[in-house]
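This briefing describes selected structural features, grouped by topic. Please consult the sequence and the model alongside the text.

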Amino acid sequence: MKRSRIGVLAATVAVLAGALAGTAAAESQPVESWTPVARTPPMGWSSWSALRRKFTEETIKAQADVMHDRLAAYGYRYINIDAGWNDHVDEFGRVAPDSKKFPNGIASLARYLHQRGLKFGIYLVPGVPAQAVAADSPIEGTPYRVHDIVMPGAGNTADDKSAKLDFGKPGAAAYVRSQARQLASWGVDYIKMDFVGPGGGKIPADNREDIRQWHSAIQATGRPIHLELSNSLSIAEAATWQRYSNGWRIEGDIECYSHCVGLTNWDVRVKLRFADAPQWTGFAGPGHWNDLDSVEIGNGEANGITPDERQSVMTLWAIESSPLLLGTDLTKLDPDDLKLLTNREVLAVDQAGRPARPVSQATQQQVWFSPDGRGGVTVALFNLGSTEAPVTASWQDLGLRGPAAVRDLWTHRNLGVSRDSFTATLAPHASRLLHLVPRHH
């Protein structure tokens, strides 16, 4: 007999609470598939970092098979294909799949994933593609064509040949609804909408109304589809992103495209997240999360960051409740990296959805903390400096009074009771992740 939704929710809460306290409940299974979109930060994999545009239906299935076998039990669900899946537009001006890469179509791939208990994500950009503009495509279900629904200006922040939709004209909203209906019919569970402005990109663009219309169109399909915005979204419009999407990239790409060894780089790519994440913290919560970009952990030295740096990445992403979308090649999983990616107590911090704030960013030795909602505090210690250094968490700074029991979430060890502080000497770019529980006299 199926458990009730209330029962599943109660069990999920117990898992999160138990994991933070280090109890056996931390070993329970992840939440069931009925949960609302982005109630917790999404977990999964994205094709861009490891595969770029060089993927096919079979390579995506290979990634999915590894997720099903080795990661799904820990909550990883999404298999997201990024740029490179489409190569033309259909009869209604909608981007369509490359038939050489996907000879059986996108819906067939989505079914394959769903049959394995996974979810499927796809990549889009706002506006009307240049191919649809050139073809002056008709808008499905309307008497209008592309020239009737566009206005001067770029459709997104990457492509000045794309056309900007004019939602004051009849047919523009219908074009977005047509796209959303098609994606829903394919079985899409997640949309990464890239080059959304105001935000990062090569050219200025304002896609605020596009995102409002996409939000409405997705709701109209009746299918729960996660809408994620990329990249470097403007914090001045955070309230808009919060209202109409399920997450937003706060930075540019984590991937290092030149002069690097590996997928990413600590000094150029990773460290920037520590500086910028705190200003976004207040906007995150159930249904909408601050996205620090892909987690470049899984392929050992090919990650481009050291073992200490990998742990610090997972620590920051977890304590900030960022989506955990792996960017590495799952068919080449490194055993030590796999341990980082499947630590249930650390994953529970991420899924608890309580983004942390730093006590201070005045030095490279930083303490980030988040109340756990039960009187305790989750604390991350970071040494962002280039030499070994002590990092001290003072109970007073964390809002605690009196002694507290300290648990190390990475090692699953209880470290005893400390009266008013905890100090760890950390190697360069290293970290600790702790859970504190007050011990009242």
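The model is predicted: local features need pLDDT of at least 70, side-chain atom pairs count only at pLDDT 80 or more, and totals for chains, interfaces and linings use all residues. Residues are numbered from 1 along each chain as its sequence is written, and side-chain values use heavy atoms, with hydrogens and water left out.

**Disulfide**

- Cys256 forms a disulfide with Cys260, and their sulfur atoms are 1.7 Å apart; the criterion is a pair of cysteine sulfur atoms within 2.5 Å.
- A search of the whole structure finds one disulfide.
- The torsion about the S-S bond of Cys256 and Cys260 is about 40°, so the disulfide is right-handed.
- Cys260 is partly exposed, with a relative accessible area of 25%.

**Nonpolar cores**

- A nonpolar core is a set of buried Ala, Val, Leu, Ile, Met, Phe, Trp, Tyr and Cys residues joined through side-chain atoms within 4.5 Å.
- The largest nonpolar core has 98 residues, of which Tyr76, Trp85, Ile122, Ile191 and Trp214 touch the most other members.
- Helix α7 (residues 172–186) gives the most to this core, with nine residues; helices (H or I, at least four residues) and strands (E, at least two) are DSSP runs, numbered from the N terminus.
- A second, separate core of 18 residues includes Phe369, Trp395, Phe422 and Leu426.
- Neighbours within four places in sequence aside, the contacts of Tyr76 include Met43, Met67, Leu118, Met314 and Leu341, where contact means heavy atoms within 4.5 Å.
- In soluble globular proteins, nonpolar side chains tend to be buried together.

**Aromatic pairs and charges over rings**

- A search of the whole structure finds nine aromatic pairs; rings of Phe, Tyr and Trp (its six-membered ring) pair if their centres lie within 6.5 Å, and planes under 30 degrees apart count as stacked, over 60 as edge-to-face and the rest as tilted.
- Phe55 and Phe102 form a tilted pair, 6.2 Å centre to centre with 55° between the planes.
- This pair links distant parts of the chain, 47 residues apart: Phe55 lies in the loop between α2 (48–51) and α3 (57–71), and Phe102 in the loop between β4 (95–97) and α4 (106–115).
- Phe55 is buried at a relative accessible area of 1%, and Phe102 is buried at 2%.
- Trp266 and Phe274 also form a tilted pair, at 5.7 Å centre to centre and 45° between the planes, and both residues are buried.
- Trp266, Phe274, Trp368 and Phe382 form one aromatic cluster.
- The charged end of Lys101 sits over the ring of Phe55, 4.9 Å from its centre; this requires NZ of Lys or CZ of Arg within 6 Å of the ring centre and within 35 degrees of the ring normal.
- The charged end of Arg116 sits over the ring of Tyr112, 3.5 Å from its centre.

**Sheet**

- Six strands form an open sheet in the order β13-β14-β15-β20-β17-β18, with antiparallel pairing; two strands pair if DSSP finds at least two bridges between them.
- The edge strands, β13 (357–358) and β18 (413–418), each pair on one side only.
- Strands β15 (residues 377–383) and β20 (residues 431–438) run antiparallel and are joined by six bridges.
- Thr378 stands opposite His435 in β20.

Key. Buried < 20%, exposed > 50% of the residue type's maximum accessible area, 1.4 Å probe, protein only.
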